2 protein chains.
Amino acid sequence: MTQSVRALFFDVFGTLVDWRSGVAREAERLLRAHDQSTDWLAFADAWRAQYQPGMEDVRSGRIPFSRLDVLHRHNLERVLPRFGFRNIPEAVLAELNLAWHRLDGWPDVTAGLARLRETFRVAPVSNGNIALMADLARRNDLRWDAILGAEVAGDYKPKPRVYLAACEAFALAPGQCMMVAAHSSDLEAAAACGLRTAHIARPDEHGPGKGETVPTVPVDVVAKDLLDLAAKLVG
Amino acid sequence: MTQSVRALFFDVFGTLVDWRSGVAREAERLLRAHDQSTDWLAFADAWRAQYQPGMEDVRSGRIPFSRLDVLHRHNLERVLPRFGFRNIPEAVLAELNLAWHRLDGWPDVTAGLARLRETFRVAPVSNGNIALMADLARRNDLRWDAILGAEVAGDYKPKPRVYLAACEAFALAPGQCMMVAAHSSDLEAAAACGLRTAHIARPDEHGPGKGETVPTVPVDVVAKDLLDLAAKLVG
């Protein structure tokens, strides 16, 4: 069933990179002078909690497509006051917003992607914008065939257009493409568009033991990490 | 003047890859059985001659945006009968259309791009579509930060939108981006959008001695090839 797969599309935040510890680290580095006592992981969680509502404004058509960097900045300004941060200089805010460009991959990601790339076309199909994806790729030595996803499609996952635009960019039918994610909701939406799906366990995405370890929807492949996925797809 | 440059955008056909000999080689390989006597380089030239008229249908708004693979196929079907090719099987036509995905870089390109990538973000800003650019990158070991250009912009060079969309994708101002091309017309259009420009000599693009060796418009940098460009920009 997966033998016709030619391209792998990857979710990025949570699936490939550990956004929680990375955002907490960057926030502490840049905001420590302004408040010593904040729980930086809670700050990361709060910022991330604004992620879906921010994108929903675009998905619903209430606002035109805006890159994730723009939504992140808007969300940041909503979250800062709740943690007692006020009057942060513009230069610090701009730098802090780039926290999402400076996330580290889970330990299997660089080697696993390199292995998968020997057999498949590989691209991120993330809601992150192109510049953000390019920075994460440089930082983590990820070699993509192209950066696909929200900015290329002009909409946000889980809207079907995002998955289908990625297939079209590689001139492939949906059944020749496999979405790889640690989130069942992403895989469910991809499968509804005709893509194959692979679930990756990221048990610590939201803190120790608080990520998805198994899919809650039917998928084609279940893998522990990218190296395990490579073993299952390539052998 | 070029010290603020953060990203280099590359024209591809002619500037990075030798389309003429590659298309001639592929045409000969696939069509030889159908006609022994054709001048394969003339066939490549004739196919390429349809390139600008095909894109002009999109640029003018006469037809909606179509990927270059689609335009190439349309152009191919116009050119084949002139060379006496009729009733070519569909599978051969489809394979022949991929000739543009199988072009070889000029000798300096792989090493030169790798060197430039150490200092700058690098992306193709070509009229070629994403799948085509991805195939050329694999074949020639080109490591891009992202694939930008016509398909991402939804229009064809030299329309300003293509250059400006590339700058925006990298979150850079036009003055922080430099267009690199062997064609003065491309550089003139990029400069009109505020980008910096570098001319690369490709004296043999259209056959021995029939390419641009020097720019016919003002540019910021004149280079013999990508290694020379790296020496001039990075030192």
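1. In this predicted model, A:Gly194 follows helix 10 of chain A and has a positive phi, near 100°.

2. Helix 10 of chain A spans residues 184-192, and its buried residues are A:Asp186, A:Leu187, A:Ala189 and A:Ala190. Viewed down the axis of helix 10 of chain A, these buried residues fall within an arc of 160°, so they line one face of the helix. The packing partners of the buried residues of helix 10 are helix 9 (160-169), strand 4 (177-181) and strand 5 (196-200), which also belong to chain A.

3. The contact between the chains draws 15 residues from chain A and 15 residues from chain B. On the side of chain A that touches chain B, the elements giving two or more residues are helix 7 (130-140) and helix 8 (150-153) of chain A. Helix 7 of chain A supplies the largest share of that side, four residues. Classified by type, the side of chain A that touches chain B comprises 10 nonpolar and five charged residues, with no polar residues.

4. In chain B, attention may be given to B:His34, which is located in the loop between helix 1 (19-31) and helix 2 (40-49) of that chain. B:His34 has 16 other C-beta atoms within 10 Å and is therefore partly exposed, since a residue counts as buried at 20 or more and as exposed at 12 or fewer.

5. Beyond its neighbours within four places in sequence, B:His34 is in contact with B:Phe85 and B:Ile88. B:His34 and B:Ile88 are separated by 54 residues in sequence, while their C-alpha atoms are 8.0 Å apart in space.

Key:
Residues numbered from 1 in each chain as written. Chains lettered and ligands numbered in written order. Predicted model: local features only at pLDDT ≥ 70, side-chain atom pairs only at ≥ 80, totals over all residues. Contact = placed C-beta atoms within 7 Å. Nonpolar A, V, L, I, M, F, W, Y, C, P; charged D, E, K, R; others polar. Arc of directions from axis to C-beta.
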